[in-house]
Amino acid sequence: MPATLLRGGTVLAMDAGRRIVRADLLVEEGRIARVGRGLRAPRGAELIDCAGKAVLPGLVQAHVHLCQALFRNHADGLELLDWLAQRIWPYEAAHDARSLRFSARLGIAELLLSGTTCVLDMATVRHTDEVLRAAEESGIRYTGGKCLMDAAGSPPGLREETRAALDEAERLGTRWHLAASGRIRWALCPRFVLSCTDELLRGVRELSSRHGWLVHTHASENRAEVDEVRARTGADNVEHLARLGLSGRGVVLAHCVHVTQREARLMARSGTSAVHCPGANLKLASGIAPLPQLLSSGVNVALGADGAPCNNTLDAFHEMRLAATLHLPAFGPRAMPPAEVLALATIRGARALGLEREIGSLEQGKRADVTVVDLRTPHASPSGEDLHGTIVYSARASDVTDVLVDGRPVVRGGRLLTLDAGALARAAPAEVARLLRRVRRPRPDRRARRDRER
Ligand SMILES: [Zn+2]
C-alpha cells in the first residue's frame, strides 16, 4: 500500500491531552507513522490537501444494525416493543441473503461517507455471512455477529433452539474473527433479556470467555421493557446480566436509559461499557439516558445511531450534536464539554470495543483510521477557538471529504471508493418493495389496537 500524507490540516488528536495541532499526518503500512509540521512525502506517496480542514480519528459507533438500513422510513410512530413486534421483527424475518447484503451495503455506504470508520453491529438471526462479506468488501472496521433469540415470545421467523443458536454463533465466529487482516472481529449478540433464556445467556458467557469475543446486547432502553425484565427475573437488566456473568470489559450494553445508580456503579466497577443512542431514544420515545451521571460514575460510554428505522439516520455528527445539547437543560450548560462528546465517538468507542490501543486517537503507531472534515463552509464558519466545539455543534456529515481505514482511502473528495453509493440509493426502493412483499405481519397486539382507537 502506498504511503499517504495528509498535509496542512488541523489535527484533533483525541489523545489524553485532547491536543489540537496544526500538523501533517504521515500514514505508512496502514499506521500513523508521524504527526508533525512540514513532513516530507516519501516517493510515490499519495497527497491529501487538508488546508482548512479538521483531521479527526475515524468516528466509532458502538451500536448499529446494518441489517435494518433497508427499513429506514418504514417504521415510524411506534414505541420500542410495538416497533419490534409490528415492524422490525417481521422485516428481519423476511430478509433473504440478497436483501440483507443490500441492507448492509447501504448502511456501510452511509457510514463511511459520513466519517464513521468503525462499528459494533448486531446482525439479524439468519444469513449473517452476507453482512460480514459486505464489511469485508467495503473496507469498514467491523465488529459484530448474528443476533441470538431463543425465548418464548420471540417471533417465529427469528426464534432459534438454544444449542443451535450458540453453535451457529461459534461456527461463524471461528470463521470470521480477525478476518481481513484483523479488521473484522466477531461479537456475541443476544438481542435483549426478554428475547433470551438464562441458558442462552450462560452459553454466551461461556463462548465469550473461551474465545475472547465481545458481548453486545441492549439493556434498559424502554420503561415497559425494564418492568417486564423485573417481573420475569426479579432484577434490573444490568444486574440480571451480571448475575449470569455478563459484565466486565468485554460487555457492551446499548442504551442504558433507565439504569439505576446502583447499576451505574456496577457497570463502572466491572468495566462494562454503555452506548448512548440519543437519536433512537428520542424517536422511539424511550427517554433520555443519564449520560453525565454515567460518566461521572466512571462508566465508559460510547456513541451509536442504532438502526436506520429508529433514528432515521446513521450520521455520527447528528448523534454528537444531540449528546452535546440534550443533557444541558437538566445538568447545566457545561455538563457536556465538546471534547468529551467527540471522545464518545472516538477513543471511548474504541475502548468499548477493546481497541483503544489500536484506534480512537491520532497518535504515532496507531492504525490509520482517519476522517477529514472541511470547515470552509458557511454553516461551520467562523470556527471557534476550540475546534472540538466546531465539529460537535456545527459540522455536518456532508462536510466529510476523505476517510481512511487501516491507511486505505475509502472516501476521496467526498466519493466512496469501495461501493457504488449512488446505485445503492437508486436501487433501495425496489429492494425494500421486494422485501415487504415477503413480510408476514403479526396480528396487531392489544396495545396497538387501543392506541388506534384513541
Ligand atoms: Zn439496537
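This section describes the overall dimensions, domain arrangement, helix packing and backbone geometry of a predicted model. Residue numbers start from 1 along each chain as its sequence is written.

The secondary structure of the chain comprises 17 helices and 19 strands; these are DSSP runs numbered from the N terminus, helices being H or I of at least four residues and strands E of at least two. Along its principal axes, the C-alpha trace spans about 65 × 50 × 45 Å.

Two domains are assigned: domain 1 covers 4–57 + 366–416, and domain 2 covers 59–352. The bounds come from an automatic or database domain assignment. The C-alpha centres of domain 1 and domain 2 are 28 Å apart. Across the interface, 24 residues of domain 1 are in contact with 24 residues of domain 2, contact being defined by C-beta atoms, placed from the backbone, that lie within 7 Å. On the side of domain 1 that touches domain 2, two or more residues each are given by β16 (370–374), α15 (387–394), β17 (400–405) and β18 (408–412). Helix α15 provides the largest share of this side, with five residues. By class, the side of domain 1 that touches domain 2 holds 15 nonpolar, three polar and six charged residues. Ala, Val, Leu, Ile, Met, Phe, Trp, Tyr, Cys and Pro count as nonpolar, Asp, Glu, Lys and Arg as charged, and the others, Gly among them, as polar.

Helix α2 (residues 97–113) packs against both α16 and α3. With helix α16 (residues 421–438), the angle is about 145 degrees and the axes are 10 Å apart. Axes are lines fitted to C-alpha atoms, for helices over the stretch in contact, and angles run from 0 to 180 degrees between N-to-C directions. The crossing of α2 and α16 is left-handed; this term applies if the near helix is turned anticlockwise from the far one by less than a right angle, and right-handed applies if clockwise. S99, F102, R105, L106, A109 and L113 of α2 form this contact with A421, L424, A428, E431, R434 and L435 of α16. Eight of these residues are nonpolar, one is polar and three are charged.

With helix α3 (residues 128–138), the axis of α2 comes within 8 Å at a crossing angle of roughly 35 degrees, and the crossing is right-handed. Here A97, L100, R101, A104, R105, I108 and L112 in α2 meet E130, V131, R133, A134, A135 and S138 in α3. The contact of α2 with α3 consists of eight nonpolar, one polar and four charged residues.

The axes of helix α4 (residues 162–176) and helix α5 (residues 198–211) come within 10 Å and cross at roughly 20 degrees. Helix α4 is therefore roughly parallel to α5, a label given to angles under 35 degrees. The crossing of α4 and α5 is right-handed. T162, A165, L166, A169, E170 and G173 of α4 make the contact with E199, L200, G203, L207 and H211 of α5, a set of five nonpolar, four polar and two charged residues.

Most residues other than glycine have a negative phi, and most peptide bonds are trans. The peptide bond from N311 to N312 is cis, with omega near -5 degrees; N312 is in the loop between β15 (306–307) and α11 (316–325). S381 and P382 are also joined by a cis peptide bond, with omega about -10 degrees, and P382 lies in the loop between β16 and α15. E29, a residue other than glycine, has a positive phi near 55 degrees and is placed in the loop between β2 (20–28) and β3 (31–36).

Terms used: Predicted model: local features only at pLDDT ≥ 70, side-chain atom pairs only at ≥ 80, totals over all residues. Contact = placed C-beta atoms within 7 Å. Parallel < 35°, antiparallel > 145°, perpendicular 65-115°, else oblique.
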